[in-house]
Amino acid sequence: MERLEELKKRLKERSPELELREREPMSRYTTFRIGGPAVLMALPRNMEQVQTVVREAKALEVEPFFLGNGSNLLVADKGYSGFVVKLTGEFEEICFETAPKNGKPLLTAGGAVLLSKLSQTALHWELTGLEFAQGIPGSVGGAITMNAGAYGGEISQNLIWVCGLDRNGEEQNFRASECDFSYRKSIFSGGGFLIVEALFQLEPGDPSAIKARMDQLAVQRREKQPLEYPSAGSMFKRPPGYFAAALIDQCGLKGFSVGGAQVSEKHAGFVVNRGGATCADVLELVDQVKERVLAQTGVELEMEVKVLK
Ligand SMILES: Cc1cc2nc3c(=O)[nH]c(=O)nc-3n(C[C@H](O)[C@H](O)[C@H](O)COP(=O)(O)OP(=O)(O)OC[C@H]3O[C@@H](n4cnc5c(N)ncnc54)[C@H](O)[C@@H]3O)c2cc1C
């Protein structure tokens, strides 16, 4: 706590324009709508501010938590006693250009750009390759960290490089081939590296075909997923050789509830907040689901959603 007080003081001195929030309810920043307050949050708008934030945190040995759109996150009811950094301002911008070498279309996106905006921008420029991303409610930084994917596409596929800040606030670039992407994982998954920008190379496409594919995927999502309730998407990773939702359904757990948390009646892979769910409700529900699935099918489920406590 003392270190966070000192950090707040230093940030106010060194970066007077930087937006700082104290005791900010995390339920406002997560798609689950769950979570108590974060003691200190910084919302840097540009590179200078974010470098100051990372460097001052490092100087005081404070490990920041980098928040994207909070769509794969469950935050404790008592909140987070640490320091949260959320990119905003110029990190929400997208730039279109063509590669000088081969004339291929490129999109440079800030780490806080939402995937919905990224795929809509690709459509605007008549570019194909990001149709799958439209319905994923994450940011570019969160999606790269998690190697988000859907309907046969993954964010790593069109990625050329990632730019970010290491723990010392130094800028570093990684080629996509250096990011060690696998199923919902990358070298960034362990934390400690803040993704501030990414470059995607796309292909020119037929805009009506691109739009038709995006519309079709949106319909599929609405039909299959409980988008009417707050959630963090798929609660569990896909166990090798199985589908988590099918196993949970097979165990008769659709609709199973603890407090305000429920295994979705529409899609057993989702845990939804039916109103007033707490983090404790969700974690208790997850434990019981894991126990029942293990006992009845012999398969161990692992949570995909990250827990911040
Ligand atoms: C309705 C719904 C549907 C979903 N469908 C899908 C789907 O089809 N496919 C899929 O893969 N996922 C899906 N998800 C899950 C989620 O959208 C993805 O995992 C997404 O990539 C998370 O991005 P985020 O910005 O919300 O990250 P957050 O939830 O904010 O954070 C997730 C992780 O990324 C890290 N992180 C975030 N931003 C940065 C950054 N700039 N630099 C470094 N680290 C960062 C965080 O520290 C954390 O470890 C769905 C979620 C919901 C609610």
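Trainee: What should I know before reading the model?
Mentor: Residues are numbered from 1 along each chain as its sequence is written. The model is predicted, and local features need pLDDT of at least 70, side-chain atom pairs count only at pLDDT 80 or more, and totals for chains, interfaces and linings use all residues.

Trainee: Which residues come nearest to the ligand?
Mentor: Gly68, Gly138, Gly141, Gly142 and Gly233 do, out of 34 residues around the ligand. Near here means that the C-beta atom, placed from the backbone, lies within 6 Å of the molecule or strand.

Trainee: And which element gives the most to that shell?
Mentor: Helix 4 does, with 5 residues. Helices (H or I, at least four residues) and strands (E, at least two) are DSSP runs, numbered from the N terminus.

Trainee: Now the sheet. What is the strand order?
Mentor: The order is 15-18-17-16 in an open sheet of 4 strands, with antiparallel pairing; two strands pair if DSSP finds at least two bridges between them. Strand 15 and strand 16 (257-258) are at the edges, each with a single partner strand, so one side of each has no neighbour in the sheet.

Trainee: How many bridges join strand 15 and strand 18?
Mentor: Strand 15 and strand 18 (residues 270-273) pair over 2 bridges. Ser231 has Val272 of strand 18 as its bridge partner.

Trainee: Last one: where does Leu283 lie?
Mentor: Leu283 belongs to helix 7 (residues 279-297). The C-alpha atoms of Leu283 and Lys58 are separated by 31 Å, with the two residues 225 apart along the chain.
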